[in-house]
Amino acid sequence: MELRVLKYFLMAAREENITKAAALLHITQPTLSRQLIQLEEQLGVKLFYRSKHRVVLTDDGMLLKRRAQEIIALADKTQREFLKKEGVLSGEIAIGSGEYQSSQYLAQMLASFQETHPLVHFEIYSGNSDNIKERIENGTLDLGLLLEPVDIGKYAFLRLPTKEEWGALVSEDLQLAGQDRISPQDLVGIPLVMTRREIVQNELIHWLGPYADQIEISASGNLPYNLAVMAKNRIGVMINLKLNCQYDGLRYLPLFPRLETGTILVWKKAQVFSPATAAFLEHAKKYLSGMV
C-alpha cells in the first residue's frame with residue numbers, strides 16, 4: 001500500500017463522495033475510483049458501500065480508516081523529526097497527557113526546554129492513560145503522562161512530585177453539597193458518574209470498602225467536562241480528580257478517607273529517539289531532580 005493511496009482512501013471516506021474527494025485531491029474521478037478499486041483488490045475486502053451519489057465505509061473500511069490514520073500520522077511525524085537545521089536542535093516531540101494537577105510540571109518542563117531549543121515543536125495529545133499507551137505503542141506518541149495505577153512493565157518512567165487528589169463534584173441542589181467532604185457511606189443510593197477506566201474504577205471500589213456493593217454507576221466516560229455537565233444535571237455525583245477549574249452549579253468535595261494517586265512520565269524501554277526527544281528526556285530528568 002502506498003501512502004498516496006491511503007490518503008486518497010481517507011479523503012473519500014471523509015467526503016463520502018468520490019467526485020468531491022477527487023476534486024479536493026486534484027485528480028480525476030475515474031482515477032480515484034480506479035485507485036480505490038485496486039486497493040480493495042489488494043486487500044481482498046470491500047471498503048465501501050456504493051450508491052449513486054454516496055459512498056459509506058464497510059466494517060473493513062472502518063478498520064482501514066483507523067489504521068490509515070495511524071500510518072499517515074506516523075509517516076508525517078517521522079518526516080518532521082528529520083527536518084533539521086544545521087547546528088540547531090529542531091523537530092517535533094509528541095506527548096500524551098490527561099488532565100491533572102501535575103500537568104503544570106509538564107508545562108514547566110516544556111517551557112524551560114523551549115527557552116534553550118526554540119525550534120523544537122511540541123504536539124500534545126489529550127486522553128486517558130489507556131489511549132496514551134496505545135499511541136505510544138503504535139509510535140504516534142513519544143512520551144506520555146499517565147495516571148496511576150497503570151501497567152508500566154514495558155516502560156521507563158519519571159515520577160512527578162505531586163499527588164492527585166480524588167473528590168466529588170456535587171450539584172449545589174443536592175443536600176450533599178452542604179458537607180465539607182464525602183465519605184463512602186454518603187454515596188449509598190446515589191448514582192455516580194466516573195471514569196470508564198476499569199483499573200481506576202477498581203481503586204475507587206476499594207476506597208468504598210463495604211459500601212461498594214450498594215453503589216450505582218449511572219454514567220462513565222473519559223472527558224471531565226462532559227461528565228461534569230452530567231453531574232450538573234443531576235445524573236449523578238461525579239467522582240473525579242481535583243483540578244484548578246470550577247464548574248457553575250457544582251461544588252467540589254474531597255473524599256474521606258483521603259484518596260490520592262501519582263502520575264508518571266513514561267516512554268518505551270530501549271526506544272531509539274529523535275535528537276529532540278532524547279534531549280528533552282535528559283532535560284526532564286534534570287528538571288525533576290532539581291538540577292534545572
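Where is the place of histidine 26? Histidine 26 sits in the loop between α2 and α3, and I'd like to start there, everyone.

First, a word on what we are looking at. This is a predicted model, in which local features need pLDDT of at least 70 and side-chain atom pairs count only at pLDDT 80 or more, while totals for chains, interfaces and linings use all residues. Residues are numbered from 1 along each chain as its sequence is written, and side-chain values use heavy atoms, with hydrogens and water left out.

Back to histidine 26, then. Its phi is positive, about 60°, although it is not a glycine. With a relative accessibility of 72%, histidine 26 counts as exposed; by the convention here, buried means under 20% relative accessible area, exposed over 50%, and partly exposed in between, with a 1.4 Å probe and protein chains only.

Glutamate 16 is another non-glycine residue with a positive phi, in this case about 55°. You will find glutamate 16 in the loop between α1 (3-15) and α2. Its relative accessibility is 29%, so glutamate 16 counts as partly exposed.

The axes of α2 (residues 18-25) and α3 (residues 29-43) come within 8 Å and cross at roughly 105°. The helices α2 and α3 are therefore roughly perpendicular to each other. On the α2 side, Ile18, Thr19, Ala21, Ala22 and Leu25 meet Gln29, Leu32, Ser33 and Leu36 in α3. By class, that contact of α2 with α3 has six nonpolar, three polar and no charged residues.

Some terms for the record. Helices (H or I, at least four residues) and strands (E, at least two) are DSSP runs, numbered from the N terminus. Axes are lines fitted to C-alpha atoms, for helices over the stretch in contact, and angles run from 0 to 180 degrees between N-to-C directions. Angles under 35 degrees count as roughly parallel, over 145 as roughly antiparallel, 65 to 115 as roughly perpendicular and the rest as oblique. Contact means heavy atoms within 4.5 Å. For the classes, Ala, Val, Leu, Ile, Met, Phe, Trp, Tyr, Cys and Pro count as nonpolar, Asp, Glu, Lys and Arg as charged, and the others, Gly among them, as polar.

At what angle do the axes of α5 and α9 cross? Helix α5 (residues 103-116) and helix α9 (residues 275-288) have axes that come within 10 Å and cross at roughly 120°. That makes α5 oblique to α9. The residues that meet are Gln108, Met109, Leu110, Ser112 and Phe113 in α5 and Ala276, Ala279, Phe280, His283, Ala284, Tyr287 and Leu288 in α9. The contact of α5 with α9 counts nine nonpolar, three polar and no charged residues.

Let's zoom out for a moment. The chain has nine helices and 13 strands, and its C-alpha trace spans about 65 × 55 × 35 Å along the principal axes. Of the 292 residues, 45% count as buried. Among contacts between residues at least 6 apart in sequence, 72% join residues at least 24 apart.

Next, two serines. Serine 97 belongs to strand β3 (residues 91-97). Serine 97 is buried, with a relative accessible area of 5%. Leaving aside neighbours within four places in sequence, serine 97 has contacts that include Ser103, Leu106, Tyr125 and Leu145.

Serine 183 lies in the loop between β7 (164-171) and β8 (191-195). At 12% relative accessibility, serine 183 counts as buried too. Not counting residues up to four places away in sequence, serine 183 touches Trp207 and Phe256.

Phe256 brings us to the prolines. A cis peptide bond joins phenylalanine 256 and proline 257, with omega about 5°. Proline 257 is in the loop between β11 (250-254) and β12 (260-261). The peptide bond from glutamate 148 to proline 149 is cis as well, with omega near 0°, and proline 149 is in the loop between β5 (143-147) and β6 (155-159).

One last stop: is tyrosine 225 buried or exposed? Tyrosine 225, in helix α8 (residues 224-232), counts as exposed at 55% relative accessibility. Thanks, everyone!
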